[in-house]
Amino acid sequence: MLTAKAAAANGGEVGEEDERCRIEEVALVVPETDDPNIPVLTFRAWFLGLTSCVLLIFLNTFFIYRTQPLTISAILMQITVLPIGRFMARVLPTRDYSLFGGRWVFSLNPGPFNIKEHVMITIFANCGVSYGGGDAYSIGAITVMKAYYKQSISFLCAIFIVLTTQVIGYGWAGMLRRYLVDPVEMWWPSNLAQVSFFRALHERDVNSKGLTRMQFFLIFLGASFAYYALPGYLFPILTFFSWVCWAWPRSITAQQIGSGYHGLGVGAFTLDWAGISAYHGSPLVTPWTSILNVGIGFIMFVYIIIPVCYWKYGIFDARKFPIFSNQLFRSNGLKYDTTKILTPQRDLNVAAYNNYGKLYLSPLFALSIGSGFARFTATLTHVALFHGSDIWKQSRSAVKNVKQDIHAKLMSKYKQVPEYWFLTLLVLSVVLSLLMSFIWKDQIQVPWWAMLFAFALAWIVTLPIGVIQATTNQQPGYDIIAQFIFGYVYPGKPIANLLFKIYGRISTVHALAFLSDLKLGHYMKIPPRCMYTAQLVGTLVAGIVNLAVAWWMLATIDNICDVESLDPNSPWTCPKFRVTFDASVIWGLIGPQRLFGPGGLYRNLVWLFLIGAVLPVPVWVLHKMFPKNKWIPLINIPVISYGFAGMPPATPTNIASWLVTGMIFNFFVFKYKKEWWKKYNYVLSAALDAGTAFMAVLIFFALQNENKNLKWWGTEIDHCPLASCPTAPGIVVAGCPLH
């Protein structure tokens, strides 16, 4: 942190002791100085920011359709643009240019590449992550409509869906910034890692030994790039190395236990970074306590609960189906053909459904949905018990906006963004969304009242959830509740259910992402109007590119997402979107009443709402009984439940390999090689992401797009053909022995 003397030399200020941030973590990490004369939205920031946004959105959209999806984080661009920005500062001309008769004067090179430019580039890049890799649910809905329901949808309608979802979230963020950004109590813990990373890249460590961060990044970027040719093309079996199946090639049970792709993955592992980071993100950037909690939940669920439910009790007729699958099934063990129960308008044909039969899920899929019920209520109970009083006090302080800390005082020097700028965007997006329900009613199925219902739901929950995330770094999800409610209110409409979730839930996710970025700008002293411009432009660019890439892939890759028609080794199986489709069938087409209501096969899973609400209570009681015990508060029931979140599409092997990798780096390396971890850990994560992504794109365009695919023993993933077989007597499935 800069000294008072250095700050004065830079034109900044140092707050008095009573002005310092009351949040200790913030006071230790965030500099309490500012130089308002530093250029921010420069030519370099625009060029590198938009380039980063477009590149990340292309890569993340490209990867989300693959069997092993990979989210490329903004950390990649944070590191990559640093040497490029410094190079541009050395070579670009420094002369001033004038436009509009001298009313606007600018320079391509206003001086050294600075930290505020770097932050602006990251804000652009974050748009590329949130669209393509984080919550690309609008693209998921469009993919489901085109690839699964074979419904025609115009590009104009699709672009309206994508952009209005984001801009509505932007409107919520603008209206709530006074409560969730300005107050010192709303400190957004995840941003402190970003601030630390920026300072590490820009503040020189004169005593540093060994490779610089940039040298380390380039070396492992090259190594990762070269290595991914093996799991990505030459030797794909490295993605799921299931040796148990080789030892027992004729045993269904052994393959169900050992298969990394279709089973419990016991003994299986992956040597593919895309497989390790596919669903829970990079394990190198996840705190050890979170990894430990997730690991506890994973072991309980995959190695205890699932085997007991499947082999001992056979709940939900489990042995008629594969132990793990993201497919939907009939009572005879065959896959459920949803086209048999659809009307031409993509509604439920009730008579056809009654004739065709009930819908069944694989046991792991069904229990994973139940865990989502428990996770929702456990999150609310945990936050209420452990953080309720603090959140109430902090919320009251935020509403009153009682006292400014040093960061708020430094930011007060800049022009604020008028409220009507955000309100205009909000009203425009609401009007366009309502127009969609009239102009493209047959394509989107959502009536105008459902749009208003979704907006009301988002408006009600965004502030309380934002307060929780800004103070505890936890975001309680209400996806299941939103789909559950709307499934009862408007059953038999799968596409309407998907789009309701977008406007009622995903707009909140995007609003919180925007608010988090606004707090990052607050910490880094970015002028609010520069933030507004960068976020809005980045949002529009990312949305258009996101849809364009998805539209191109859906049109050019034959049978994309159609597992039955694809080559068995094709990477375009769309596991994330398959689950999106399944959700539309479960909650929208067939509806929660038939599956989870009285008489429904899965009605007992609803009890997990109550169980999830109760589970955090004993932990809280123990914490109150033994307040000096440090490990009790680390028991986090919602995070434990994330041990079985996302399965499917995630496989147990994905999660197990993620846990092992995270344990190695964030426990052993962190404990015994802390200086190495501090200097290189995040850099290694970015290098592995980047090298894997670039090689995968190269392989696609140079080889796979030209149908130059290899065919040998090493290209067959998993080698566990019996893992998907049922074990109930009398169930006949092609390729499986009859019990």
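**Notes on the predicted model**

1. Let's start with helix 14, residues 288–313. With 26 residues, helix 14 reaches 35 Å from its first C-alpha to its last, close to the 38 Å expected at 1.5 Å a residue. Bear in mind that this is a predicted model.

2. Helix 14 isn't straight, though: there is a bend of about 30° at Phe301. Phe301 is also among the buried residues of this helix, a list that includes Phe298, Val302, Ile306 and Pro307 as well. Two glycines, Gly295 and Gly297, are buried too. Just after helix 14 comes Gly314, with a positive phi of about 55°.

3. On to helix 27 (residues 616–625), where the buried residues are Pro616, Val619 and His623. They sit on the same side of helix 27, because the arc they cover around the axis is only 65°. Look at the face turned away from that buried side and you'll find Lys624 and Met625, both exposed.

4. Ser685 is worth a look in helix 30, which runs over residues 674–702. Is Ser685 buried or exposed? Its relative accessible area is 3%, so Ser685 counts as buried, the cut-off being under 20%. Leaving aside neighbours within four places in sequence, Ser685 is in contact with Trp273, Ser282, Leu284 and Val285.

5. A word on confidence. The chain has a mean pLDDT of 83, with 91% of its residues at 70 or more. Over residues 1–16, however, the pLDDT is below 50, although this stretch has 29 contacts in the model beyond near neighbours in sequence. Where pLDDT is low, the predicted coordinates should not be read in detail.

Definitions and conventions:
Residues numbered from 1 in each chain as written. Predicted model: local features only at pLDDT ≥ 70, side-chain atom pairs only at ≥ 80, totals over all residues. Heavy atoms only, no water. Helix = DSSP H or I, 4+ residues; strand = E, 2+ residues; numbered from the N terminus. Buried < 20%, exposed > 50% of the residue type's maximum accessible area, 1.4 Å probe, protein only. Contact = heavy atoms within 4.5 Å. Arc of directions from axis to C-beta. pLDDT = per-residue confidence, 0-100. Expected span 1.5 Å × (residues − 1). Bend = angle between axes of the 7 residues up to and from the residue.
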